[in-house]
Amino acid sequence: MWLIYKLTYLVNLLLIGRTSLRFVRGIPSFAHFFAFIKAFMQQNNEPLKTIAIGRFGEALASKYLREQGYKILKSNYYIRGGELDLITQKDAIIVFVEVKTRTSTNFGPPEEACTARKKQKLLRAIYSYLTTQTLNHPAGLWRCDLIAIQLLSTRKATIKHYQNIFSD
């Protein structure tokens, strides 16, 4: 995790002359985001482009969830073999949120990236979180949601929220 932030910091400094995206009310502005991605594309650095797109998607998802009345408890919870993008709470329910962000539909919509293998990794991370964190929630109620974000070339985004993805 530390390495990713350091690499992002260094790449930002070298490529676009600043150390972070400009934030407007907690999320990067689209103009700065696309300038950031364009700089990465010129350097042909796929892993860092993917990380930047993912972080931007998580920022958009956080803003969306707050507007929907969710309280953000934690972001980017890592364990060996899994990660939880966002851990939120709405009413008495802990909601684990997986965020999938795409910039094109060449490989399908973002929700198709949540495969059975990804769901297994999510469950592993959820169980780890639930067993290691002290929660003050009645009956230990929880669910897992998916937020699919499609970034459009018009500098807009569409957000789809799928609740309880393990119920199917």
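The structure is a predicted model. The protein chain contains four helices and seven strands, which follow one another from the N terminus in the order α-β-β-α-α-β-β-β-α-β-β. Five of the strands form an open sheet, and helix H4 packs on this sheet.

**Overall composition**

- Of the 168 residues in the protein chain, 40% are buried.
- The protein chain exposes about 9900 Å², and carbon and sulfur atoms supply 53% of that area.
- When contacts between residues at least 6 apart in sequence are considered, 54% of them join residues at least 24 apart.

**The five-stranded sheet**

- The strand order in the open sheet is S3-S4-S5-S6-S7, and the pairing is mixed.
- Strands S3 and S7 (157-162) lie at the edges, each pairing on one side only.
- Neighbouring strands of the sheet are turned against each other by 25 degrees on average, with direction ignored.
- Strands S5 and S6 pair in the parallel sense, over nine bridges.
- Within this part of the sheet, Lys100 stands opposite Ala148 of S6.

**Helix H4 on the sheet**

- Helix H4 touches S3, S4, S5 and S6, and its direction makes about 60 degrees with that of S4.
- The buried residues of H4 are Lys118, Lys119, Leu122, Ala125, Ile126, Ser128 and Tyr129.
- An α-helix has 3.6 residues a turn, so residues three or four places apart point the same way.
- The buried residues of H4 pack against strand S3 (71-79), strand S4 (82-90), strand S5 (93-102) and strand S6 (142-151).

**Ser128 in helix H4**

- Ser128 is found in helix H4.
- Ser128 has a relative accessible area of 18% and therefore counts as buried, the cut-off being under 20%.
- Leaving aside residues up to four places away in sequence, Ser128 touches Tyr77 and Ile79.

**Glu98 in strand S5**

- Glu98 has its place in strand S5.
- The relative accessibility of Glu98 is 2%, so this residue counts as buried.
- The side chains of Glu98 and Lys100 are joined by a polar contact of 3.4 Å.
- Beyond residues up to four places away in sequence, Glu98 touches Glu83, Asp85, Lys118, Leu122, Asp145, Leu146 and Ile147.
- Two of these contact partners, Lys118 and Leu122, are among the buried residues of H4.

**Ile149 in strand S6**

- Ile149 is found in strand S6.
- Ile149 counts as buried because its relative accessibility is 0%.
- Ile149 and Arg102 are 47 residues apart in sequence, yet their C-alpha atoms are 6.4 Å apart in space.
- With residues up to four places away in sequence not counted, Ile149 touches Gly57, Leu60, Ala61, Val99, Lys100, Thr101, Arg102, Pro110, Ala157, Thr158 and Ile159.
- Lys100, one of the residues touched by Ile149, also makes the side-chain polar contact with Glu98.

Technical notes:
Residues numbered from 1 in each chain as written. Predicted model: local features only at pLDDT ≥ 70, side-chain atom pairs only at ≥ 80, totals over all residues. Heavy atoms only, no water. Buried < 20%, exposed > 50% of the residue type's maximum accessible area, 1.4 Å probe, protein only. Helix = DSSP H or I, 4+ residues; strand = E, 2+ residues; numbered from the N terminus. Contact = heavy atoms within 4.5 Å. Polar contact = N/O pair within 3.5 Å; in protein donor to acceptor, adjacent residues only side chain to side chain. Areas by Shrake-Rupley, 256 points an atom, 1.4 Å probe, with all protein chains shown as cover. Pairing = 2+ DSSP bridges. Axes fitted to C-alpha atoms, helices over the stretch in contact; angles between N-to-C directions.
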